[in-house]
Amino acid sequence: MKSTSELTDFYYNELYPDLQELEKERKALRSKVIGVFGFITLITLGIIYMVGEGDGDGDGVFFVGALGFAIAGFAYKLMIKDYTFEFKEKIIRPLIKAIDDNLKYSPTLHIPQHLFTASRLFTKDIDRFSGNDLVRGDIGDVNLSFSDIHAEYETRDSKGKSSWHTIFRGLFIAADFNKHFKGSTVILPDSAEKTFGSLIGGWLQKNNIGRNDLVKMDNPEFEKAFVVYGSDQIEARYILTHSMMKRLLDYKERTQQDIYISFINTKIHLGIYYDKDLFEPTLFTSLLDYKQAISYTQTLQLSIGIVEELKLNEKLWSKV
Amino acid sequence: MSTSLIVFGVVVLALVLMYNSLIGKKNQVENIFASVDTILKKRYDLIPNLVSSVQTYMTHEKELLSKVTELRSQATKPNISDEQKIKLDAQMTSALGSIMIAVEAYPDLKANENVMHLQRTLAEVEAQISAARRAYNQAVTDYNNAIEMLPTNFMASMMHYQRKEVFEISEGERQNVDIKVLFNS
C-alpha cells in the first residue's frame with residue numbers, strides 16, 4: 001500500500017494538470033461567490049433598514065436576516081455544485097484508484113443509517129442522517145467500506161423552536177474482522193475519566209446506562225485513552241489482545257482525533273470524529289496548498305490503510 | 001431522634017452496599033473462573049488426539065508426551081481446587097509449547113494435515129485461554145483490592161474472604177507472542 005508521502009507525490013505529479021484547471025475554476029468561483037454574497041448582504045441590509053423602522057420587537061429584522069442567510073446558503077450550494085463534482089471525479093477518484101484498484105467510489109452515497117446504528121458506537125436516537133463519499137470494496141479478503149457521516153438529533157425549546165445537535169460527524173469505517181466473536185465490544189474515548197478524574201469518572205463509566213459491562217483493560221496507556229464496554233469479559237480480551245490495543249493506540253495517535261470502535265456482527269466499526277465534511281474541495285485556500293493535499297491523502301491513507309494497520313488481513317487459525 | 005434515625009439509616013445502607021459489592025466481586029471471580037474452566041477443558045479435550053497423532057513420529061520426546069498426558073489426567077480429576085487448576089494450567093501451557101516447538105524438527109509431522117489442523121485449533125484455544133486468564137486476573141484484582149482496601153476490608157474479614165491467586169502471565173504472553181511465527185520459525 002502506498003504511503004502518505006507517495007500519495008502526496010501522486011497528487012502533485014499525476015494530478016497536476018487537473019489541479020491546475022481546477023485552480024482556475026476555483027479562483028473564478030471564489031470571485032463569483034464573494035460577488036453574490038455581497039449582493040445578497042446589501043439587499044438584506046436594505047430590507048432590514050426599511051423593515052426596522054416600524055418593527056418594534058425586532059422579529060421582522062430577525063426574519064429578514066435569517067431569510068438572507070438561508071438564500072446565501074442555498075446560492076452557495078448551487079454555485080459550488082459543479083466544482084465539487086469535478087473535484088471529486090478528477091482528484092479524489094484517481095487518488096482512491098491509486099491506493100487500490102478494487103475499491104469503488106460513489107461521491108453522493110453514504111453508509112446506510114441502519115449499519116451506523118448497528119455499530120452501537122452512539123446510543124442517542126438519530127433524527128437526521130446524511131453523508132457522502134462512499135468507498136467500498138475488498139482489500140485482499142477483507143471487505144471494507146467507509147464514508148463521511150453526519151448524524152444529528154433535534155431538540156425543541158419551550159417555544160417549540162427546534163435546534164440540531166451533532167451526534168457524530170466524521171469518517172465511519174466498517175470492515176471484516178478476522179476473529180470469531182458472538183457478543184459486542186465497544187471502545188469509546190475516555191472522556192469521563194479525563195474530565196472527572198479516576199474516582200468519579202470511573203464510577204460514571206461503571207454506571208453508564210445503555211452500555212454493557214465495563215471491561216477494564218490491562219494496558220494502562222490504553223485504559224487512559226479509552227473505555228471499553230463488552231457483553232463478555234473474556235471475548236473483549238480475546239479481541240483486544242495486547243498487540244491489538246497497541247495498534248489501536250497507534251492508530252489513534254496517527255489520526256489525532258477522537259476515535260470510537262466497536263466489534264459487532266463479525267465486523268469492526270470505526271468512527272473518526274473530524275467534525276467536518278471530508279474530501280470536499282476548498283474555495284478560499286489553494287488546492288495546491290501542501291497542507292490541503294496532505295489532508296486528502298492522509299485521510300484516505302488512514303481509512304483504507306486500516307486493513308493493514310490493524311492487520312485485519314492476517315489469516316488467523318479460526319477464520320479461514 | 002430523627003437525626004440518629006437518619007444516621008442509622010445511612011450506616012445500614014452503607015453496610016448493605018459494601019456487602020453487596022463484595023458478594024458481586026466474589027461472584028464475578030467465580031463466574032469468570034467457570035468460563036476459564038470451560039476453555040481449559042477444550043484444550044484438555046484436544047490432547048489425546050494430539051498425542052496419538054504425533055507419538056509415532058516423536059521418538060525423542062516420549063517423556064514430554066507422557067508428561068502432557070499425566071498433566072491432563074490430573075487436571076481432569078474431579079474436586080481439584082482452583083489453585084491447583086491454575087498451577088496445572090501453567091505447566092500444561094509450557095509443556096504444550098515445547099511439543100509445538102519439537103514438531104518443527106519433524107518435516108513429516110509438519111506437513112501432516114491432521115497435525116496442522118490440531119496446531120491451528122490449539123493456537124486458537126490458547127488465544128482464548130489467554131483472554132480468559134486476563135479476564136480472571138482482572139476480576140481477582142478487583143476482588144483482592146476490595147478485601148484489602150478501606151472500608152470494605154473490615155466486612156471482608158468478617159465474611160472470612162481471603163485473597164485469591166491470579167494466573168501468572170508469562171513475559172512471552174505479555175508480549176502477545178505470535179504463535180504462527182513460532183510455528184513458521
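Tutor: A crossing is left-handed if the near helix is turned anticlockwise from the far one by less than a right angle, and right-handed if clockwise. The model discussed here is predicted. In it, the crossing of helix 2 of chain B and helix 3 of chain B is left-handed.

Student: What makes helix 2 of chain B and helix 3 of chain B roughly antiparallel to each other?

Tutor: Helix 2 (residues 62-75) and helix 3 (residues 82-103) of chain B pack at an angle of about 155°. Angles over 145 degrees count as roughly antiparallel, and therefore helix 2 and helix 3 of chain B are given that name. Their axes are 10 Å apart.

Student: Which residues of helix 2 of chain B meet helix 3 of chain B, and what classes are in the contact?

Tutor: From helix 2 of chain B come L64(B), K67(B), V68(B), L71(B), Q74(B) and A75(B). Their partners in helix 3 of chain B include L88(B), M92(B), L96(B) and I99(B). By class, this contact has 10 nonpolar, three polar and two charged residues.

Student: Why is helix 1 of chain B called roughly antiparallel to helix 5 of chain B?

Tutor: Helix 1 (residues 2-54) and helix 5 (residues 113-148) of chain B pack at about 160°, with axes 9 Å apart. The cut-off is over 145 degrees, so helix 1 of chain B is roughly antiparallel to helix 5 of chain B. The crossing of helix 1 and helix 5 of chain B is left-handed. Residues in the contact of these two helices divide into 22 nonpolar, eight polar and six charged.

Student: Where is the kink in helix 3 of chain A, and which residues of that helix are buried?

Tutor: The kink in helix 3 (residues 59-99) of chain A is about 40° and is centred on K81(A). A residue is buried if 20 or more other C-beta atoms lie within 10 Å of its own. In helix 3 of chain A, V64(A), F87(A), I91(A), I92(A), L95(A), I96(A) and I99(A) are buried. Of the 320 residues of chain A, 30% count as buried.

Student: How many residues of chain A are in contact with chain B, and which helix of chain A gives the most?

Tutor: Chain A has 11 residues in contact with 14 residues of chain B. Helix 7 (233-239) and helix 8 (242-255) of chain A each supply at least two residues of that side. Helix 7 of chain A gives the most, with four residues. On the side of chain A that touches chain B, three residues are nonpolar, five polar and three charged.

Note on methods: Residues are numbered from 1 along each chain as its sequence is written. Chains are lettered from A and ligands numbered from 1 in the order in which they are written. This is a predicted model: local features need pLDDT of at least 70, side-chain atom pairs count only at pLDDT 80 or more; totals for chains, interfaces and linings use all residues. Two residues are in contact if their C-beta atoms, placed from the backbone, lie within 7 Å. Ala, Val, Leu, Ile, Met, Phe, Trp, Tyr, Cys and Pro count as nonpolar, Asp, Glu, Lys and Arg as charged, and the others, Gly among them, as polar. Axes are lines fitted to C-alpha atoms, for helices over the stretch in contact, and angles run from 0 to 180 degrees between N-to-C directions. Angles under 35 degrees count as roughly parallel, over 145 as roughly antiparallel, 65 to 115 as roughly perpendicular and the rest as oblique. The bend at a residue is the angle between axes fitted to the seven residues ending there and the seven starting there. A residue is buried if 20 or more other C-beta atoms lie within 10 Å of its own, exposed if 12 or fewer, and partly exposed in between; C-beta atoms are placed from the backbone.
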